[in-house]
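Hi,

Here is the structure we talked about, ready for you to open. Have a look at it first, and then read on for what turned up in it.

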Amino acid sequence: MLRVPRAVPIVAAAPAVRAGPAVPAVPLSSAVLDELSEVLFAPLPRSDQRVKGGLYLRGLIAAEGRRSIRNIAAQVGGPELAQSLHHFIASSTWDWEPVSRALQRHADNELRFNAWVVHALPVPRRGRHAVGVWGMANDASVPVRWSLLRCGEEAAECIAAAALVRDPSSIGPRPVVLDIPGVDLRPVFDRYTRAGAPLLAAVPANLPVLERAPGRGGRSLPAARLLQLNRMLRRPAEWTEAQSRTVRQSLVAGVRVEWAGHSLLLVGEWGPGQQQPARCWLTNLTATPLGVLLRLGKLTRRVEQDIARSASHVGAVDDYEGRSSDGWHRHMTLTAAAHVAQVVAAARARVRPWTHCMASMEQRIGHAL
């Protein structure tokens with residue numbers, strides 16, 4: 001019989017919610033974890049699976065160093081629990097897809113995402129790439145889904161599928177920002193065009209694109225060269241540095257192009273004193289202001305910095321020691337949930353509960369009388 005340890009508040013250093021200095025340790029109460037566990041593990045058919053899911057989530061947050069199953073088990077029940085948790089992750093039959101979808105809905109309801117970022121990380125021990133889908137709010141970013149993809153030709157189609165976020169918003173789909181070097185973007189834009197979904201994707205400077213300018217008839221040129229020929233269109237635009245929160249300014253220009261059968265906007269950014277564009281993007285958001293597109297493109301920097309910070313809080317993509325792909329996906333789904341739990345706790349800590357506001361008001365009124 002599985003013995004469940006008595007729930008106690010966990011104090012954990014939450015990942016930085018703002019892209020700047022790390023926030024102080026935030027009390028991660030059992031209420032936050034219980035609420036998240038109830039949402040995540042409702043799709044699991046058996047009660048013992050739901051209990052083990054909650055234990056694994058707590059162990060991920062409480063553990064330090066490498067998030068091995070032995071280390072996780074030691075935080076929530078002792079070494080004797082390791083075999084049970086290993087079976088739950090590596091050999092059990094529960095499907096992580098419904099859990100991932102529940103996590104996305106819960107995180108979106110709590111943090112109110114404005115955009116999605118798709119980012120890839122190498123997993124050296126497996127010879128693959130971990131592709132994460134991150135929800136981006138005004139002052140927070142969290143992973144809501146991880147996929148493990150083989151390197152090679154099939155990666156483009158898999159990334160296209162991973163990138164096409166199941167967007168639960170009632171106000172319409174939010175833009176997806178994609179920056180994965182070396183991937184063929186044709187199937188990605190094909191899928192997004194069919195789905196009517198907004199996409200902004202970083203492209204190499206030498207990508208051939210066909211200019212669609214009145215009176216020029218269309219000519220195929222490398223992206224950076226075409227932008228340089230149209231540098232008279234550049235306009236200043238402001239964006240915020242992810243780490244320092246410093247407001248910076250770049251020059252940005254947009255040129256209408258055709259690429260892979262799609263009518264798109266080619267966007268370029270120039271830093272101070274630069275003669276050639278530093279970065280290039282293609283997007284189907286052809287009517288969106290260039291300053292907004294530039295700030296969307298910069299979201300990948302926030303994700304890169306949050307990934308670096310989160311490794312010490314919830315572990316890295318290469319922590320899972322099992323061999324099965326299913327086990328890796330289950331582990332990473334719960335790792336993403338642990339990340340969300342800490343960021344949600346930090347976000348709630350910044351908002352004073354209504355009862356506290358009323359008590360403070362009553363105290364001020366009492367002093368005034």
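Let me start with R295, which sits in helix 9 (residues 290-297); helices (H or I, at least four residues) and strands (E, at least two) are DSSP runs, numbered from the N terminus. The relative accessible area of R295 is 40%, so this residue is partly exposed (buried means under 20% relative accessible area, exposed over 50%, partly exposed in between, with a 1.4 Å probe and protein chains only). Leaving aside residues up to four places away in sequence, R295 touches E238 and W239, where contact means heavy atoms within 4.5 Å. E241 is 54 residues from R295 in sequence, and their C-alpha atoms are 10.0 Å apart in space.

A word on how to read all this: the model is predicted, so local features need pLDDT of at least 70 and side-chain atom pairs count only at pLDDT 80 or more, while totals for chains, interfaces and linings use all residues. Residues are numbered from 1 along each chain as its sequence is written, and side-chain values use heavy atoms, with hydrogens and water left out.

On confidence, pLDDT is the predictor's confidence in each residue, from 0 to 100. The protein averages 79, and 77% of the residues score at least 70. Strand 13 (residues 279-283) has the highest confidence, at a mean of 97, and helix 12 (residues 354-368) the lowest, at 41. Two stretches stay under 50 in pLDDT: residues 1-26, with 69 contacts beyond four places in sequence in the model, and residues 352-369, with two such contacts.

Now for the interior. A nonpolar core is a set of buried Ala, Val, Leu, Ile, Met, Phe, Trp, Tyr and Cys residues joined through side-chain atoms within 4.5 Å. The largest one here has 105 residues, and W146, L266 and L282 touch the most other members. Helix 11 (residues 325-349) supplies the largest share of this core, 11 residues. Beyond four places in sequence, L282 touches a set of residues including F189, W259 and L266.

Finally, two backbone angles. Most residues other than glycine have a negative phi. R112, in the loop between helix 5 (96-111) and strand 3 (115-123), has a positive phi of about 60°, and R112 is exposed at a relative accessible area of 57%. A260 has a positive phi too, near 55°; A260 lies in the loop between strand 11 (247-259) and strand 12 (262-270) and is partly exposed, at 35% relative accessibility.

Best wishes
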